[in-house]
Amino acid sequence: MASEAFAQVVPSMSVKQVRQGEQFLARFAMRTIGKTVLSANATLPCEIEVEEPRGWHIMIGYMGHIEVAFDRSSVELCGGRNALLMPDVRRTRHNARQSVIVASLDEQRLLDTVDIIAGRDPGTSRLEQNYRELDLRCGRELYPALQRLCALVDATASDPHCAELLGLEDVFYRWIAISLDCQDADKRSLRNDAPDTRRLDVVCDLIRSIPEHPITLTEMERISGMSARALQYAFKARFDCSPMEWQRQERIQAARKLLISAGPNETITSIAYSLGYSSSAAFATQYKHYFGESPSATLAMAA
């Protein structure tokens, strides 16, 4: 029964040995988000063998300690401290009392996500056919973020459509990609790399050309080919603010120009709506915050 449950995520995973005098006990929880199957399992001390895993998997320690042995090396997996990204290689788990999360992965989707997070051109990343140990302590919020993601997965277990709308599968792949990115000091990150001027210009030109249609950070990532972190760094370096703040500034500056050049039949409401504001009140509040005067005062001076 336990071997069958394990094999739903990792083919050929089976329980081989239990400590003498102890009964093997295990608890399982299976969740599906999109095409990804997540398994959370807790077991008493035992040995679990994987002969033909068939593809990439990630194993994340949640509680306790596990020794994962490969042909020539081994890794101790500790709850909240590290994770293992593993290709199609034979391995054995020597479990203490522990609980882990295991998931099968789509290699190409993971590579595509890594390229986005690292701000590289599509098709750039490669995964070596060897296991990678991921230190979850390299980013202070990595492990807490995983815990919150698991809570969302559980909360939407009875409603797959809700999980799809929330993009939980995409968030899970992004979490893995960010964990990989944290391990490599030579990757593009806000620590060392200068902003990509040309790609940033593309985003800025688009924002200026359509102030009435604000774009999201995800759209900025797609347009520029830069990761969210790279965009944050680039805007901070050039404009001393975040991408979304810079977009708000450009939008409100466009509104001021329209107010100053307004014709006799134009109103504050019509100008606010023309720039995509949902209400003239929200527009007026933001305008006064930036310029220290109301839109009506600017309109009156221009008349």
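Me: How much space lies in the second largest cavity?
Reply: This is a predicted model, so local features need pLDDT of at least 70 and side-chain atom pairs count only at pLDDT 80 or more, while totals for chains, interfaces and linings use all residues. Residues are numbered from 1 along each chain as its sequence is written, and side-chain values use heavy atoms, with hydrogens and water left out. A cavity is a set of points on a 1 Å grid over the protein atoms alone where a 1.4 Å probe fits but cannot get out; points are joined across faces, edges and corners, and the volume is the space filled by probe spheres set on them. For the second largest cavity that comes to about 40 Å³.

Me: Which helix gives the largest share of the lining of that second largest cavity?
Reply: Lining residues have an atom within 4 Å of a point, and here they are Ile207, Ile210, Pro211, His213, Pro214, Gln247, Glu250 and Arg251. By class that's 4 nonpolar, 2 polar and 2 charged, where Ala, Val, Leu, Ile, Met, Phe, Trp, Tyr, Cys and Pro count as nonpolar, Asp, Glu, Lys and Arg as charged, and the others, Gly among them, as polar. Helices (H or I, at least four residues) and strands (E, at least two) are DSSP runs numbered from the N terminus, and the largest share, 3 residues, comes from helix H9.

Me: Which strand gives the most to the lining of the largest pocket?
Reply: A pocket is an open set of points with protein on both sides within 12 Å along at least five of seven lines, and the largest one holds about 410 Å³. Its lining has 17 residues, with Ala29, Ala40, Asn41, Ile101 and Asp154 nearest the centre. They divide into 11 nonpolar, 3 polar and 3 charged. With 5 residues, the top contributor is S3.

Me: How many charged residues line the second largest pocket?
Reply: This pocket has a volume of about 280 Å³, and Ile116, Arg174, Glu221, Arg222 and Gly225 lie nearest its centre. H2 gives the most to the lining, 4 residues. Besides 3 nonpolar and 4 polar residues, the charged ones number 8.

Me: Is asparagine 82 buried or exposed?
Reply: Asparagine 82 is found in strand S7. Its side chain has a polar atom 2.8 Å from the backbone oxygen of glutamate 76, and one 2.8 Å from the backbone nitrogen of cysteine 78; a polar contact is a pair of N or O atoms within 3.5 Å, where one must be able to donate a hydrogen and the other to accept it, and residues adjacent in sequence count only if both atoms are side-chain atoms. Because its relative accessibility is 1%, asparagine 82 counts as buried.

Conventions:
Buried < 20%, exposed > 50% of the residue type's maximum accessible area, 1.4 Å probe, protein only.
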